Amino acid sequence: MISYPSRHCTVELQALPSRIGQVRRIVSAQLRYWHLDALIDRASLGVTELLSNVHRHAQPDKTCTVEIELLLDRLTVSVRDHDPRMPVIDDAEPLATCGRGLAMVAAMSESWGVRPDGESGKVVWFTLPTSSAPVAAPSRRARRTVLEKPARRFAEVGPTTDGLRPEHAPARSAVAG
């Protein structure tokens, strides 16, 4: 259900992996409608992280409400669920495959937080400024310089230490630059 498409959008759903992509598309479409295309990537990333947390942690059910609201020069994205437990932010281990979602939301947003929602739930939210200055495109000369940089090579895996696993090699990006 989408309500008040001019300044407010609400979507109720089960936070299942198949539904998260649908909500991202709804958020993207709504931001295009509001002419806030520059915020689509950050809003989509943030809502994905919050819905993933509901899917992974919320009890007793995965039902939640995503709300996006445009007020003055701020876009607020919030996710309400039925689990009263507040999220705990821990430092993720360097090789951990999860545990960085709220840190990413904090890094890419202007502000974020969590508040109780009665006795049976909470709301996790973040804000994005809508009045940021456009980023200037790099000059033609700067682009040429970047393109002329030699591509990095992947680290070669050394001999194994225990006969089963190779020695640790530093991670390398597959993207040149």
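Visitor: What kind of model am I looking at?
Guide: This is a predicted model, in which local features need pLDDT of at least 70 and side-chain atom pairs count only at pLDDT 80 or more, while totals for chains, interfaces and linings use all residues. Residues are numbered from 1 along each chain as its sequence is written, and side-chain values use heavy atoms, with hydrogens and water left out.

Visitor: Back to His35, then. Where does His35 lie?
Guide: His35 lies in the loop between H1 and H2. Helices (H or I, at least four residues) and strands (E, at least two) are DSSP runs, numbered from the N terminus. His35 also has a positive phi of about 60°, although it is not a glycine.

Visitor: Which other residue has a positive phi although it is not a glycine?
Guide: Leu72 does, with a phi of about 55°. Leu72 sits in the hairpin of S2 and S3, which has two residues between the strands. Leu72 is exposed, with a relative accessible area of 82%.

Visitor: And which peptide bond is cis?
Guide: The one from Gln59 to Pro60, with omega near 10°. You will find Pro60 in the loop between H2 and S2.

Visitor: On to the strands. How many bridges join S1 to S2?
Guide: Seven, and the two strands run antiparallel. Two strands pair if DSSP finds at least two bridges between them. S2 and S3 are paired in the antiparallel sense over eight bridges, and S3 and S5 likewise pair antiparallel over eight bridges.

Visitor: How many residues apart are Cys9 and Ile68 in sequence?
Guide: They are 59 residues apart in sequence, and 5.3 Å apart in space, C-alpha to C-alpha.

Visitor: Is Cys9 buried or exposed?
Guide: Cys9 is buried, with a relative accessible area of 2%. S1 is mostly covered, since five of its seven residues are buried.

Visitor: Now helices. How many residues has H2?
Guide: Helix H2 (residues 40-57) has 18 residues. From its first C-alpha to its last, H2 reaches 25 Å, close to the 26 Å expected; the expected span is 1.5 Å times one less than the number of residues.

Visitor: What do the buried residues of H2 pack against?
Guide: They pack against helix H1 (17-33), strand S2 (63-71), strand S3 (74-81), helix H3 (101-108) and strand S5 (122-129). Contact here means heavy atoms within 4.5 Å. Among the buried residues of H2 are Ile40, Val47, Leu51 and Val54.

Visitor: And which residues are buried in H3?
Guide: Gly101, Leu102, Val105 and Met108 are buried there. Seen down the axis of H3, these residues fall within an arc of 135°, so they line one face of the helix. That arc is taken from the directions from the helix axis to the C-beta atoms. The cover over the buried residues of H3 includes H2, strand S4 (111-116) and S5.

Note on methods:
Buried means under 20% relative accessible area, exposed over 50%, partly exposed in between (1.4 Å probe, protein chains only).
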